[in-house]
Amino acid sequence: MKDKLIKVDYLARVEGEGALYIKVKSGYVVDVKLKIFEPPRFFEAFLRGRNFMEVPDITARICGICPIAYQMSSVHAIENAFDVKVDGILRELRRLIYCGEWIESHALHIFMLHLPDFLGYDDVIQMAKDYPEIVQKALRLKKIGNEIVRIIGGREVHPVNVRVGGFYRAPSKKEIKQIEDDLKWARDFSIEAVKFLAGLEFPEFEQDYEFVALRHPNEYPFNEGRIVSNKGIDIAVSEYDNHFVEEHVPHSNALHSRIVNRGAYFVGPLARFNLNFDKLSDIAKKVSLEVGFKPFCRNPFKSILARAVETVYACDEALRIISIYEEPSKPYVDFTIKPGVGYGCTEAPRGILYHRYKIDEKGLILDAKIVPPTSQNLKMIESDLWKFSATYLNLPEDELTWKCEQAIRNYDPCISCATHFLKVHIERE
Amino acid sequence: MRTKKPKLAVWKFASCDGCQLSLLDCEDELLEVVGAVEIAYFLEASKATIAGPYDISLVEGSITTPHDAERIHKIRKVSKYLITIGACATAGGIQALRNFKDVKEFISVVYANPSYIETLNKSTPIADHVFVDFELRGCPINKYQLIEVISAFLNNRKPNIPTYSVCMECKRKGNVCVMVSSGIPCLGPVVQAGCGAICPSYNRGCYGCFGPKETPNVFALTEHFIGLGLKSTDIVRILRNFNSYAEPFRKGSEAYER
Ligand code: SF4
Ligand code: SF4
């Protein structure tokens with residue numbers, strides 16, 4: 001077989017900038033590099049010296065696709081340092097705004113970034129010519145997710161209303177109620193979407209993954225829980241640094257994470273689905289069983305299905321919260337600033353997002369550590385590419401390249417996040 | 001007779017992707033926008049790319065690497081109109097906080113092997129490198145303003161984007177001023193309108209994501225902040241956010257650093 005180099009200089013339909021490079025020699029894959037050249041932005045460095053109240057506004061700017069995730073991990077970590085507990089309706093309101101971000105981000109990724117791969121289009125705009133109805137409905141779904149974020153947060157990108165202790169202003173019952181009917185439509189369409197997506201052709205590909213996600217005794221995880229895996233991890237968030245390490249590799253501006261003494265792991269919708277299936281709502285469980293999608297699924301291409309099932313869940317959960325919502329008497333809980341270290345980990349649409357802050361007695365940040373989901377998945381994506389490209393080496397160059405890009409998009413990588421991603425090069429010698 | 005559709009390109013430098021996402025967030029208008037222009041280069045949305053020249057280039061993000069400092073010149077050459085979108089492209093963005101510090105120290109905080117990292121000492125706006133036809137403010141931009149700017153350029157007219165302050169929008173909305181009524185420091189008087197006065201509507205002060213308005217009197221406001229009991233270090237921090245390197249904010253913060 002011919003030697004070749006597969007190169008994609010700028011990976012499309014991922015957030016941020018990066019490249020893929022695969023080298024094939026005498027019929028074997030000899031090198032895979034996912035290059036991240038999105039420039040470093042140094043958030044952890046300039047958070048030092050900032051007041052804790054500014055942190056959620058600043059960390060939101062790490063990523064325009066999932067600002068709520070950054071705000072939620074930030075406020076939870078800081079509240080952990082101050083020993084404050086946000087409970088009751090304020091806690092529900094945080095789940096509700098997170099539902100909005102999941103719906104918006106999942107709709108964007110499923111229909112606009114990933115589905116065109118499965119159906120053989122370059123983008124959603126081309127796809128819209130043959131599937132106008134599904135694209136229009138997808139846009140409406142995305143808009144409903146955004147609407148939730150806008151009502152609670154003030155705007156879709158970089159919301160202004162999230163603060164340590166709760167919110168600056170709690171929305172009125174009337175504001176919250178106005179999205180109810182749209183959400184019922186959104187839940188119906190998401191159910192339809194699961195059935196449609198289950199009919200796609202999925203490449204046969206499985207690996208023995210270690211899936212990592214949060215797990216909470218009573219609920220599908222958003223903001224709280226223990227960090228668990230299918231290979232024995234079961235730890236409190238504060239123990240994260242003892243089990244996960246980040247490495248700096250020469251070809252990437254994003255750090256690579258691995259499990260101490262083990263290696264790559266998998267975070268995101270498929271990990272959450274596999275580890276928390278029992279905690280999905282009845283409607284979400286029913287539709288996934290109906291289409292034959294159940295744990296333990298080891299095919300990363302089915303992440304698109306996990307995303308759709310989670311969208312059903314997020315709509316359902318949002319409806320539950322809306323039905324019990326009463327405006328709280330005060331939009332935040334009071335607390336006293338005290339020095340210490342705080343840990344936070346929440347489930348961003350792309351997977352667990354870990355924050356740790358050391359804070360002084362005046363409430364200034366002494367030290368910050370932020371590990372985005374994409375950094376945690378990078379090693380796994382490279383590992384998938386090694387094995388996946390090896391099984392498809394006889395495909396023509398452009399098809400192989402396309403398949404590899406699709407394998408990357410399974411993870412919905414967000415390069416802006418990971419650098420706080422992508423060119424494809426396949427080289428055959 | 002209709003001629004060929006104008007070509008639109010979207011380029012990215014150091015940023016969070018939030019501003020280009022605003023284009024995809026135009027759910028109701030997206031298919032119309034797509035009908036009016038040919039999206040010729042937009043990697044976040046499509047792998048198909050059409051060669052330049054382009055009628056309109058939207059540029060997101062700031063210049064922070066030697067490679068990007070070269071790339072922006074190439075983009076200028078193939079663009080009839082170059083419009084910067086957002087605080088990163090227009091003022092250096094949140095990553096311009098490095099401009100006040102030693103970047104080497106920053107690299108060592110985040111990365112174990114600083115030698116792998118190639119970056120410039122400063123994060124600079126696009127207009128520091130090439131001629132820019134229009135700068136759209138905001139972190140993120142307002143999507144309706146984006147549509148206004150695109151349609152203005154397509155129709156050869158001046159975009160109708162206000163340069164007055166957030167206070168004007170806040171008054172028009174009928175908000176009670178958070179600074180007057182509750183003593184909450186608010187940058188509204190010196191920040192350019194465009195967001196619709198979101199923060200005061202959510203009971204908090206403006207933290208400046210749309211950058212300085214035309215001819216802002218930053219010192220009058222910051223002295224008022226001192227009267228509210230803020231310290232110089234607080235004022236430095238308030239001015240050093242997403243637009244810290246925009247001149248009025250930069251000079252303001254530097255004055256309180258001494
Ligand atoms: S200006 Fe703000 S919203 Fe726009 S890319 Fe930069 S950080 Fe993101
Ligand atoms: S009020 Fe100020 S900080 Fe808030 S969204 Fe508007 S410009 Fe940005």
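Trainee: Where in chain B is B:N156 found?
Mentor: Before I answer, note that this is a predicted model, in which local features need pLDDT of at least 70, side-chain atom pairs count only at pLDDT 80 or more, and totals for chains, interfaces and linings use all residues. Residues are numbered from 1 along each chain as its sequence is written, chains are lettered from A and ligands numbered from 1 in the order in which they are written, and side-chain values use heavy atoms, with hydrogens and water left out. Helices (H or I, at least four residues) and strands (E, at least two) are DSSP runs, numbered from the N terminus. With that naming, B:N156 is in the loop between α6 and α7 (166–172) of chain B.

Trainee: Is B:N156 buried or exposed?
Mentor: Buried means under 20% relative accessible area, exposed over 50%, and partly exposed in between, with a 1.4 Å probe and protein chains only. B:N156 has a relative accessible area of 61%, so this residue is exposed.

Trainee: What is the phi of B:D17, and where does this residue lie?
Mentor: Most residues other than glycine have a negative phi, and most peptide bonds are trans. B:D17 lies in the loop between β1 (7–12) and α1 (18–24) of chain B, and B:D17 counts as buried because its relative accessibility is 1%. Its phi is positive although B:D17 is not a glycine, with a value near 75 degrees.

Trainee: Which residue is joined to A:F296 by a cis peptide bond?
Mentor: A:F296 lies in the loop between α11 (282–290) and α12 (303–324) of chain A. The cis bond, with omega about 10 degrees, joins A:F296 to A:P295.

Trainee: How are α11(A) and α12(A) oriented, roughly parallel or roughly antiparallel?
Mentor: Axes are lines fitted to C-alpha atoms, for helices over the stretch in contact, and angles run from 0 to 180 degrees between N-to-C directions. The two helices pack at an angle of about 160 degrees, with their axes 8 Å apart. Angles under 35 degrees count as roughly parallel, over 145 as roughly antiparallel, 65 to 115 as roughly perpendicular and the rest as oblique. The angle therefore makes α11(A) and α12(A) roughly antiparallel.

Trainee: Which residues of α12(A) make the contact with α11(A)?
Mentor: Contact means heavy atoms within 4.5 Å. From α11(A) come A:I283, A:A284, A:V287 and A:S288, and they meet, on α12(A), A:V309, A:V312, A:Y313 and A:D316.

Trainee: Which side chain is joined to that of A:Y265 by a polar contact of 2.6 Å?
Mentor: A:Y265 is placed in the loop between β10 (256–259) and α10 (269–276) of chain A, and A:Y265 is buried because its relative accessible area is 0%. A polar contact is a pair of N or O atoms within 3.5 Å; within protein, one must be able to donate a hydrogen and the other to accept it, and residues adjacent in sequence count only if both atoms are side-chain atoms. Leaving out residues up to four places away in sequence, A:Y265 touches several residues, among them A:Y240, A:F244 and A:M380. The partner in the polar contact of 2.6 Å is A:Q376.

Trainee: At what distance does the side chain of A:H216 reach the backbone nitrogen of A:E219?
Mentor: A:H216 is in the loop between β6 (212–215) and β7 (226–229) of chain A, and this residue counts as buried because its relative accessibility is 13%. A polar atom of its side chain lies 3.0 Å from the backbone nitrogen of A:N218. For the backbone nitrogen of A:E219, the distance is 3.4 Å.
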